[in-house]
Amino acid sequence: RPKLSGPKLLCQLKDNIEVATLTSDLQPFSSLPWADQLPPKPLTSDLGPYRSCAVVSSAGSLRYSGLGKEIDSHDAVLRFNAAPTTGYEKDVGSKTTIRLINSQVMASDDHRFLSSSLYSSGALVAWDPAPFSADLTQWYNRTDYPIFTQYQRYRRLHPMQPFYILHPRFEWQVWQRIQDNMAEPIQKNPPSSGLLGTVLMMSLCEVVHVYEFLPSRRKTELCHYYQRFYDAACTLGAYHPLLYEKNLVKRMNQGPDRDIYTHGRVTLPGFGKLNC
Ligand code: NCC
């Protein structure tokens with residue numbers, strides 16, 4: 001299969017991926033008693049458009065990066081899961097516009113999802129590894145983690161905070177773009193939060209800067225900038241097709257290669273700015 005050039009690849013993503021979220025009018029949710037806890041409108045009609053955005057990976061290589069000021073200078077900043085800013089402002093900044101969390105974070109006791117203040121700034125967007133091409137009812141009855149019970153609890157405690165759930169179709173649309181651009185079959189697990197969040201921001205922003213998704217010269221086996229835990233699989237992937245995701249992002253990068261080496265920074269155009 002011929003390798004698509006960067007611009008073609010970007011257009012393929014734009015044309016084949018829709019950042020859909022669950023809304024209260026959608027079956028089977030619309031007939032459930034808690035349907036009105038779901039947003040009436042999809043994320044893309046409530047958030048953005050933003051001019052310049054930052055996606056901050058949780059990689060250990062952000063430690064001692066000094067990128068905090070640059071990250072905060074963007075109009076919107078997306079962070080992942082339990083990644084904190086307090087105490088790490090110099091390296092990762094302090095602004096959080098959107099936090100993308102997986103259903104494991106919502107469900108595990110360690111993260112104190114319902115009570116920790118970590119999750120209270122900005123809009124929340126949650127996702128759960130849904131079975132490939134399963135319909136919403138099948139997924140609803142068999143989620144990987146109890147995303148819906150935790151969602152309802154959180155909404156009762158924080159009714160004013162915007163909180164979206166990604167439509168599982170979105171994760172598999174992104175997965176399909178990876179697979180169609182790789183020669184070998186990749187594992188049938190959804191992409192990491194890192195790539196999902198990057199594509200999400202490409203649909204909300206004019207330009208997206210992704211930090212330390214492609215590792216800089218600070219590359220380290222330190223898994224997260226906020227934890228003393230070492231595992232190379234955090235950067236290379238195991239469950240998620242992370243290496244393939246990074247390959248794809250590398251091909252779409254419109255910034256100089258030097259930016260990756262020095263800042264761990266990739267520059268991607270927003271979908272709205274593409275002439276396909
Ligand atoms: O580690 P995680 O991801 O929260 O990181 C967010 C995103 O940053 C990118 N990353 C992270 C570390 C690193 N060294 N290099 C990176 O490129 C990845 O793109 C990653 O997606 C997830 O994707 O949701 C993930 O979540 C964790 C975990 O559930 C949460 O951190 C909560 O504790 C997963 N870890 C485990 O299940 C043990 C991880 O596999 C994926």
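Select Thr 85, in the loop that runs between β2 (76–80) and α4 (89–92). Helices and strands here are DSSP runs, helices being H or I with at least four residues and strands E with at least two, numbered from the N terminus. Thr 85 is buried, since its relative accessible area is 13%. Buried means under 20% relative accessible area, exposed means over 50%, and partly exposed is in between, using a 1.4 Å probe and protein chains only. Now show the neighbours of Thr 85: leaving out residues up to four places away in sequence, Thr 85 touches Arg 79, Val 92, Gly 93, Ser 94 and Thr 96. A contact means heavy atoms within 4.5 Å.

Before you go on, a word about what you are looking at. This is a predicted model, in which local features need pLDDT of at least 70 and side-chain atom pairs count only at pLDDT 80 or more, while totals for chains, interfaces and linings use all residues. Residues are numbered from 1 along each chain as its sequence is written, and side-chain values use heavy atoms, with hydrogens and water left out.

## Zoom out

Show the whole protein as a cartoon, and you can look for 12 helices and 7 strands. The C-alpha atoms fill a box of roughly 55 × 45 × 35 Å along the principal axes. How does the radius of gyration of the protein fit a compact globule? The rule for 276 residues gives a value near 19 Å and the protein has 18 Å, which agrees. That radius is taken over C-alpha atoms, and the globule rule is 2.2 Å times the number of residues to the power 0.38.

Of the 276 residues, 55% count as buried. Among contacts with a separation of 6 or more, 69% are between residues 24 or more positions apart. Switch to a surface view: the protein exposes about 12600 Å², and carbon and sulfur atoms supply 50% of it. These areas come from the Shrake-Rupley method with a 1.4 Å probe.

## The aromatic stop

Next, select the Phe, Tyr and Trp residues. A search of the whole structure finds 18 aromatic pairs. Rings pair if their centres lie within 6.5 Å, taking the six-membered ring for Trp; planes under 30 degrees apart count as stacked, over 60 as edge-to-face and the rest as tilted.

Pick Phe 113 and Tyr 154: their ring centres are 4.7 Å apart and their planes meet at 25 degrees, so this pair is stacked. Phe 113 sits in the loop between α5 (103–107) and β4 (123–127) and Tyr 154 in helix α7 (residues 147–157), so the pair ties together parts that are 41 residues apart in sequence. Both Phe 113 and Tyr 154 are buried.

Move on to Tyr 140 and Phe 148, a tilted pair with 5.0 Å from centre to centre and 50 degrees between the planes.

## Helix α11

Colour residues 242–252, which make up helix α11. Which of its residues are buried? They are Leu 242, Glu 245, Lys 246, Leu 248, Val 249, Arg 251 and Met 252. Show what surrounds them, and you will find them packing against α1 (6–16), α8 (168–180), α9 (193–202), α10 (233–236) and β7 (265–269).

## Backbone details in the loops

Select Gln 27 and Pro 28: the peptide bond from one to the other is cis, with omega near 0 degrees. Pro 28 is in the loop between α1 and α2 (43–46). The bond from Gly 48 to Pro 49 is also cis, with omega near 0 degrees, and Pro 49 lies in the loop between α2 and β1 (50–56).

Now try Tyr 64, in the loop between β1 and α3 (68–72). Tyr 64 is not a glycine, yet has a positive phi of about 65 degrees. Tyr 64 is exposed, with a relative accessible area of 68%. Glu 212 also has a positive phi, near 55 degrees, and lies in the loop between β6 (205–211) and α10. Glu 212 is buried, with a relative accessible area of 2%.

## Last stop

End with Leu 32, in the loop between α1 and α2, which is partly exposed at 23% relative accessible area. Draw a distance to Tyr 50: Leu 32 and Tyr 50 are 18 residues apart in sequence and 34 Å apart in space, C-alpha to C-alpha.
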